[in-house]
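Here are my notes for a first look at this one. Have the model open beside you as you read.

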Amino acid sequence: MKKATVVLCLMSFALVSALAAVEPRNYYGKIAKRLGDSLPKYHVLQQPMDDEISRRAWTNLVTFYDFDHSVFLKSDLDRLAAHELTIDNEIESGDVSFGYDIYNLYVERLKERVDFATNLLAAAEWTFATNETYRVRRKDAPWPATRADAEECWRKRIKNEVLMMKVNHDLDKSTNTLDFVTDITKRYRQYITVMTEPDEEAVLQHYLSAICRAYDPHTDYMSPA
């Protein structure tokens, strides 16, 4: 097999500065308590908000933020698991902090992953002569055990994207290899912007919707906005 190489020029990309943690407003606890009172009474199932609902809500929330198991670490999941059976009690007491803790942790980890990806794009020289496997659908894959494991996963992810672009655009001598850097990096800039722009109300909506969907997938909490 002929060796194929894509050389990416060294560039500097500033994605996002340190992001301030998003925190709930004081009255969000009252909203949560009212939701916790209403769902068992008025939802068609009339199921009490118990540990089973809590478990489903926890799974919904983790899946919403990291559906392909590529952002959080296994240690993060172990820490988050402390809330797997307590969400029902927290909502009953008006405590919505877990919804913000998981979001802020997600943003922190996502920034680490995207920083790694863009730095890699800026400096790497890609060769495609070595047989490697990348698991595209990772929803059933284990979470990376360490940051190094996560970065290796993202290295393969980025390499796969570069290869796909090379094939799709039929790279030749007239092709500017810098386009691979700019196109993929632009995509990740947009990705992290979209995933980190929610305000405190949007984070509450994601959290309470995860709880509503524990009753059925067609029930959501919709914020006033």
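How closely do the axes of helix α1 and helix α8 come together, and at what angle do they cross?

1. Before the answer, some ground rules: this is a predicted model, where local features need pLDDT of at least 70 and side-chain atom pairs count only at pLDDT 80 or more, while totals for chains, interfaces and linings use all residues. Residues are numbered from 1 along each chain as its sequence is written, and side-chain values use heavy atoms, with hydrogens and water left out.

2. Now the answer: helix α1 (residues 28–42) and helix α8 (residues 200–212) have axes that come within 11 Å and cross at roughly 20°. Here axes are lines fitted to C-alpha atoms over the stretch in contact, with angles from 0 to 180 degrees between N-to-C directions. Helices are DSSP runs (H or I, at least four residues), numbered from the N terminus. So α1 and α8 are roughly parallel to each other (angles under 35 degrees count as such).

3. Look at who touches whom. On the α1 side the contact (heavy atoms within 4.5 Å) uses Y28, I31, A32, L35 and L39, and α8 brings E200, E201, L204, L208, I211 and C212. By class, that is nine nonpolar, no polar and two charged residues. For the classes, Ala, Val, Leu, Ile, Met, Phe, Trp, Tyr, Cys and Pro are nonpolar, Asp, Glu, Lys and Arg are charged, and the others, Gly among them, are polar.

4. Next, helix α2 (residues 51–65) and helix α5 (residues 97–123): their axes come within 11 Å and cross at roughly 25°. That makes α2 roughly parallel to α5. W58, L61, V62 and Y65 of α2 meet F98, G99, I102, Y103 and Y106 of α5. This contact has eight nonpolar residues, one polar and no charged.

5. On to the pockets (on a 1 Å grid over the protein atoms alone, open sets of points where a 1.4 Å probe fits, with protein on both sides within 12 Å along at least five of seven lines; lining residues have an atom within 4 Å of a point). Twelve residues line the largest pocket, and F128, T130, E132, K159 and L163 are the closest to its centre. Helix α6 (residues 147–168) gives the largest share of that lining, four residues.

6. The second largest pocket has about 170 Å³ of space. Its lining includes T133, Y134, R135 and R138, and by class the whole lining has three nonpolar, one polar and five charged residues.

Methods:
Helix = DSSP H or I, 4+ residues; strand = E, 2+ residues; numbered from the N terminus. Points joined across faces, edges and corners; volume = space filled by probe spheres on them. Parallel < 35°, antiparallel > 145°, perpendicular 65-115°, else oblique.
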